Amino acid sequence: MKAKPPVQPADLKATILDRADKERVKFLRLQFTDILGVVKNVEVPDGQFSEALDGRIMFDGSSIEGFVRIEESDMYLKPDLSTFQVFPWADPSGARVGRIICDIANPDQTPFAGCPRTTLKRVMRMAADRGFTMMAGPEAEFFLFQRRDGKPTTVTHDAAGYFDLAPVDLGEDVRREIVLALEQMGFHVEAAHHEVAPGQHEIDFRYDGVLATADNVSTFRFVVKNVALRNELHATFMPKPVFGLNGSGMHTHQSLFRGANNAFDAGDGRWQLSETCLYYIGGLLRHAKGFCAITNPLVNSYKRLVPGYEAPTAIAWSEKNRSPLVRVPAARGLSTRIELRMPDPSCNPYLALAVMLRAGLDGIDKRLDPGPPVNKNIYKMSHRERRHLRIDDLPASLDDALDELEKDEIVRDTLGEHIFQHFLEAKREEWHHYARHVSPWEMDRYLGVY
């Protein structure tokens with residue numbers, strides 16, 4: 001039986017225009033992501049759809065954080081036609097809005113060095129040169145809070161816990177609405193449930209190729225926030241919005257494939273894990289400090305990465321428990337994978353997946369041995385035990401993480417000089433602004449004593 005020829009761009013363009021006409025799509029969002037992970041878009045009406053799909057729409061790049069100077073402002077939006085979807089909601093007139101994800105190009109049509117999606121594609125090519133494709137599946141947690149006078153609060157609308165049901169979990173209906181919206185946008189949702197903290201939720205969608213996964217994370221965050229708002233709630237992917245409660249992580253399952261074969265599976269090998277898998281883990285452990293500022297990019301991220309709240313702080317791996325940085329789930333065969341537990345859902349998914357993949361590839365290139373798994377609960381180990389096992393810690397603050405980022409040549413090379421310099425500058429400014437701020441905690445602690 002002959003394989004079907006690949007769909008050509010002209011055919012795909014015609015399919016998109018036909019679908020847009022049938023589904024009464026009146027506006028098209030040309031979506032892209034800035035260096036800090038914020039989704040941006042240029043919206044065009046239906047009369048401009050053909051020109052937009054041909055990549056002939058320009059925008060002012062100097063207005064976007066970390067893109068270009070004002071004298072270099074003209075940028076092109078190059079759509080990935082395979083990402084076209086229609087949002088499941090309509091405006092009061094019944095008109096629908098479509099969405100297509102774009103790469104950014106310079107005026108001469110060359111790829112823009114500050115485009116995070118292009119950065120991920122570059123690392124994907126590095127993996128392909130070694131015979132690998134990366135599969136990834138994130139678990140992005142979020143909180144649902146009440147709104148008051150049009151503004152978000154930190155008041156939850158339920159008092160439920162892990163896996164609780166209605167009537168305790170009042171977010172159940174909203175979660176279902178989110179799942180339905182995601183499915184209408186092409187997601188394969190595998191599970192949805194209440195998380196540990198009141199108001200905290202998780203929706204898991206099927207693993208996919210790494211680029212599709214990054215696109216899905218951006219879409220997921222947008223859909224969750226929009227459905228919440230339509231229910232007069234506020235959804236946040238802030239890592240630690242409430243003191244004393246568990247924060248929100250984005251545990252990222254990942255594996256490498258050679259064709260149809262899982263390169264992490266070893267059948268009857270040690271721990272049934274291949275050398276490729278173990279070296280990949282070694283690369284993640286070696287560069288975890290260096291890419292922490294990318295996977296955990298906020299001042300607030302480091303309020304989550306503290307002992308006692310299930311978030312990992314120790315640079316180690318395990319095949320059994322969840323206290324180390326890297327865990328290997330029990331499944332084997334085609335499902336063999338590793339889980340990196342440090343990222344949080346505020347990260348730029350393109351840059352986060354790019355640095356994870358590059359770190360793993362560096363481990364494979366240099367045959368970095370991760371050492372034996374640590375199957376004891378690291379949280380309960382003494383300082384002496386941790387040092388004996390050579391278990392290091394993640395950075396304790398964004399400031400420390402940026403110092404480690406500057407020292408890691410592999411991560412710097414992955415990002416490229418444009419993104420590296422602009423990201424570092426923006427995050428240093430964020431840290432310095434935070435460091436100058438006088439918090440209510442300081443006033444309560446010191447004002448009446450000193």
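Is F220 buried or exposed in this predicted model? F220 is buried, with a relative accessible area of 0%; here buried means under 20%, exposed means over 50%, and partly exposed covers what falls in between, using a 1.4 Å probe on protein chains only. Residues are numbered from 1 along each chain as its sequence is written, and side-chain values rest on heavy atoms, with hydrogens and water left out. Since the model is predicted, local features need pLDDT of at least 70 and side-chain atom pairs count only at pLDDT 80 or more, while totals for chains, interfaces and linings use all residues.

Rings come next. A pair of aromatic rings is described by the distance of the centres and the angle of the planes. Rings of Phe, Tyr and Trp (for Trp, the six-membered ring) pair if their centres lie within 6.5 Å; planes under 30 degrees apart count as stacked, over 60 as edge-to-face and the rest as tilted. The structure holds 14 such aromatic pairs. In one of them, F220 and F237 have ring centres 5.9 Å apart and planes at 65°, so the pair is edge-to-face. F220 sits in helix 5 (residues 210–230) and F237 in the loop between strand 12 (233–236) and strand 13 (250–258), so the pair ties together parts that are 17 residues apart in sequence. Helices (H or I, at least four residues) and strands (E, at least two) are DSSP runs, numbered from the N terminus. F237 counts as buried too, at 5% relative accessibility. The other pair to look at is W431 with Y434: the centres are 5.4 Å apart and the planes at 50°, so this one is tilted. Both residues lie in helix 11 (residues 409–436), three residues apart, or about one turn of the helix. W431 counts as buried at 17% relative accessibility, whereas Y434 is partly exposed at 35%.

Back with F220, ring pairs link F142, F187, F205, F220 and F237 into a cluster. Elsewhere, a charge meets a ring: K78 lies over the face of Y76, at 5.5 Å from the ring centre. To count as sitting over a ring, NZ of Lys or CZ of Arg has to be within 6 Å of the ring centre and within 35 degrees of the ring normal.

On a 1 Å grid over the protein atoms alone, a cavity is a set of points where a 1.4 Å probe fits but cannot get out, and a pocket is an open set with protein on both sides within 12 Å along at least five of seven lines; lining residues have an atom within 4 Å of a point. Grid points are joined across faces, edges and corners, and a volume is the space filled by probe spheres set on the points. The largest pocket holds about 760 Å³ of space. It is lined by 18 residues, and the closest to its centre are N300, K303, Y434, S439 and W441. Helix 11 and helix 12 (440–446) are the elements that give two or more residues to this lining, with helix 11 giving the most, three residues. By class, the pocket lining has 10 nonpolar, four polar and four charged residues. Ala, Val, Leu, Ile, Met, Phe, Trp, Tyr, Cys and Pro count as nonpolar, Asp, Glu, Lys and Arg as charged, and the others, Gly among them, as polar.

As for cavities, a search of the whole structure turns up two of 30 Å³ or more. The largest cavity has a volume of about 50 Å³, and its lining includes F32, I101, C115 and Y350. Strand 6 (96–105) has the largest share of that lining, three residues. The second largest cavity holds about 40 Å³. Its lining is made up of I35, L36, I294, P297, N348, L351 and F423, which divide into six nonpolar, one polar and no charged.

Finally, the backbone. Most residues other than glycine have a negative phi. Q109, in the loop between strand 6 and helix 3, has a positive phi near 75° and is partly exposed, with a relative accessible area of 40%. D149 also has a positive phi, about 55°, although it is not a glycine. D149 lies in the loop between strand 7 (133–148) and strand 8 (151–156) and counts as exposed at 75% relative accessibility.
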